[in-house]
2 protein chains.
Amino acid sequence: MTVHVTMLGDGQMGLVLADLLVSQGAAVRMWCPSPDAVEPLRTTRMSPTRLPDFRLPDAVEVTSDVDHLLDGTDLVVNAIPTQYIRAVWTRIARPGLVPCPVVTVAKGIEATTLLLPTEIMQQVIVDRSGSPWPMCALSGPTIAREMAARLPATAVAASEDGAVARLVQDAFNVSWFRVYTHDDLTGVEIAGAAKNVIAIAAGLVDGLGVGYNAKSALLARGLAEIVRLGVELGARRETFFGIAGVGDLATTCFCPHGRNRTCGEQLGRGEHLDDILASTASVVEGVPTTRSLCDLAARHDVEMPIARAVHGILFEGLDPRDAISGLMEREAKQEQVG
Amino acid sequence: MTVHVTMLGDGQMGLVLADLLVSQGAAVRMWCPSPDAVEPLRTTRMSPTRLPDFRLPDAVEVTSDVDHLLDGTDLVVNAIPTQYIRAVWTRIARPGLVPCPVVTVAKGIEATTLLLPTEIMQQVIVDRSGSPWPMCALSGPTIAREMAARLPATAVAASEDGAVARLVQDAFNVSWFRVYTHDDLTGVEIAGAAKNVIAIAAGLVDGLGVGYNAKSALLARGLAEIVRLGVELGARRETFFGIAGVGDLATTCFCPHGRNRTCGEQLGRGEHLDDILASTASVVEGVPTTRSLCDLAARHDVEMPIARAVHGILFEGLDPRDAISGLMEREAKQEQVG
């Protein structure tokens, strides 16, 4: 039986996952947030500014219509960046819609509300359609450019509902993309959001040219501060040491193609944030997430010195070199983890 | 008061740390295992096959004499690779020597005995001098080439004796090399030994060109299997998530200069192990450690599929591509960590 999937978003992950799903025999409808994007993508099947050398299969239906978007849909994939989820779902969700499983690949924390992607969607859906929908997060070391080339990758499908996790696993699992079920949705979403902030710091290290030893220490310290926050929010510690935790953190900090790491590297070389963001067609989720993450840490009284340093550089004019030196020279005589 | 340090070994880490100690005002005596190495190093102060562009300070005394090697020594640094520690210490240790703190930077597990570096030294010392000496391990993301350039790095000084850990911290702590005390010696040594094995697997991924996503998943899975073994051996779980655990693992898996990763990359490209080992002046600790690690895991009934796969490639003629595919396709439906 053909699975009908609605893919929200035409960014890197939306494109790559639409291709994967079609290869599995799914019928995929891709929704573009911008009506202007529909015709070029529909006719050329290319998105050169986002994913060079990638071709979207002809079988993928491309639309920006919302009226019948979820008609006949078995699974919705949210590939809308975190800060736009509320606006998009406010257009989509409405009374009378049949509840349908939703899986998100967005990784961030909403400004002001400090909600995670599945929490934002659930809030809007309950507000507008009256009942909750099954939620899932698909997360792991999944740099889109490598997935576009079908290089091997892994991810977890995390849901509080085991049946939904298995449904997502079945939909996405292919020989080159192994999907494991997971039950710690909060942990997986916190790990996914926070790693983008640490990756900006890792990029700063690259931009300053201070080496792999420093970047690896930063990865370990970054992981420790993510764990502190996650555990405080009710997540399980071991989630952060799995593929959606340290695995995703590693690829985001080391893969040269990652957008958050690249943004950090440009900052480290002295470029200005506004210029960096203006020069990319993709959303750098880590930038707004840095603010939300620091707010969330403050609310729960959790110390996150690396996130704070990134916040200082992004929004308070802190010099990257001073920030990295400051992190190196913190007066912790005895190592503390988690 | 001048600290007198005896540095055992003239490899990469021995050279780099001798330089660091001299910069701190220590008096350093470097012992070369090979008498033939003494005169070239003493006169040229260079070791081009091991560390290009590095110059050993004139103040470092270079010797291969063992008779009065530890006379007046406050601290011994063991930079002898694991498989040679027993032979070297059998020459050095003797009745009547005054007990002296020893810190090791070797990372491995001795063949057959399956002992860790400090355990090997302690066994020889007790056998030959009659009483135990204070032991410490210095470990972290410390690729020698970066340290030679004085790029910032961090490490832990791990000892069951807090005073010894602080002594080592005081000796090595400089502005560009931050040393933290730690009390889980077993955990730090297991982490240091096992990461070299995972790094060979990471190099295989590089040699096969399968990308950062796969390598990062492997890092997470590798960390999980190291934790399983470490906890079984009485180490603390959180040790593996600190700088000497995941921090060292990350730099070893990602820094292009690491010897173990490089060995794996060459294997992945189809080169033969004997040729690879013959072509380097440095010891690739991960190769013998793979055998010991698998033996240790078997003895404690701990599953270490990545270490097993590396063993298969190194010693049983397993094809790297088949090994990596095998790891990707393991039938774990639900992610398990630690």
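Is Glu61(B) buried, partly exposed or exposed? In this predicted model, Glu61(B) comes out as partly exposed, with a relative accessible area of 41%. Its side chain meets that of Arg29(B) in a salt bridge, at 3.3 Å from N to O. Glu61(B) sits in strand β3 of chain B and Arg29(B) in strand β2 (residues 27-31) of chain B, so this pair ties together parts that are 32 residues apart in sequence. As a bit of background, side chains of opposite charge can pair when their charged atoms come close.

Over all chains, the structure holds 36 salt bridges. In chain A, some of them share partners, and Asp206(A), Lys215(A), Arg261(A), Glu265(A), Arg269(A) and Glu271(A) are joined in this way into one network. Two of its links can be spelled out. Asp206(A) pairs with Lys215(A), with 2.8 Å between the closest N and O atoms. Here Lys215(A) is buried, at a relative accessible area of 3%, while Asp206(A) counts as partly exposed at 25% relative accessibility. Arg269(A) pairs with Glu271(A), and for that salt bridge the closest N and O atoms are 3.8 Å apart. Arg269(A) is exposed, with a relative accessible area of 52%, and Glu271(A) counts as partly exposed at 35%.

Now to how the two chains sit together. The contact draws on 49 residues from chain B and 49 residues from chain A. Of the interface residues of chain B, 100% are also interface residues in chain A, so the copies meet through the same surface. About 4300 Å² is buried between the chains, and carbon and sulfur atoms give 58% of that area. As for the charged and polar side of things, the count of salt bridges between chain B and chain A is zero, whereas 16 residue pairs are in polar contact across the interface, both residues being at pLDDT 80 or more. On the side of chain B that touches chain A, the elements giving two or more residues are α5 (144-148), β7 (153-158), β8 (177-182), α8 (212-232) and α9 (243-254) of chain B. The largest share of that side, nine residues, comes from α8(B).

Helix α10 (residues 259-268) of chain B is another story: eight of its 10 residues are buried, so it is largely enclosed by the rest of the structure. Just after α10(B), Gly270(B) takes a positive phi of about 100°.

Positive phi also turns up away from glycine. Most residues other than glycine have a negative phi. Arg45(B), though, has a phi near 60°; this residue lies in the loop between α2 (38-44) and β3 (61-63) of chain B and is buried, with a relative accessible area of 5%. Thr112(B) likewise has a positive phi, of about 70°, and belongs to the loop between β5 (102-104) and α4 (117-129) of chain B. Thr112(B) is exposed, at a relative accessible area of 72%.

Asp19(B), found in helix α1 (residues 12-23) of chain B, is buried with a relative accessible area of 13%. Its side chain makes a polar contact of 3.2 Å with that of Arg150(B). Leaving aside neighbours within four places in sequence, Asp19(B) is in contact with Phe54(B), Pro57(B) and Arg150(B). Arg178(A), in strand β8 (residues 177-182) of chain A, counts as buried at 13% relative accessibility. The C-alpha atoms of Arg178(A) and Pro152(A) are separated by 8.1 Å, with the two residues 26 apart along the chain.

Terms used: Residues are numbered from 1 along each chain as its sequence is written. Chains are lettered from A and ligands numbered from 1 in the order in which they are written. Side-chain values use heavy atoms; hydrogens and water are left out. Contact means heavy atoms within 4.5 Å. Buried area is the accessible area (1.4 Å probe) that two parts lose on being put together, summed over both. A salt bridge is a side-chain nitrogen of Lys or Arg within 4 Å of a carboxyl oxygen of Asp or Glu. A polar contact is a pair of N or O atoms within 3.5 Å; within protein, one must be able to donate a hydrogen and the other to accept it, and residues adjacent in sequence count only if both atoms are side-chain atoms. Helices (H or I, at least four residues) and strands (E, at least two) are DSSP runs, numbered from the N terminus. Buried means under 20% relative accessible area, exposed over 50%, partly exposed in between (1.4 Å probe, protein chains only).
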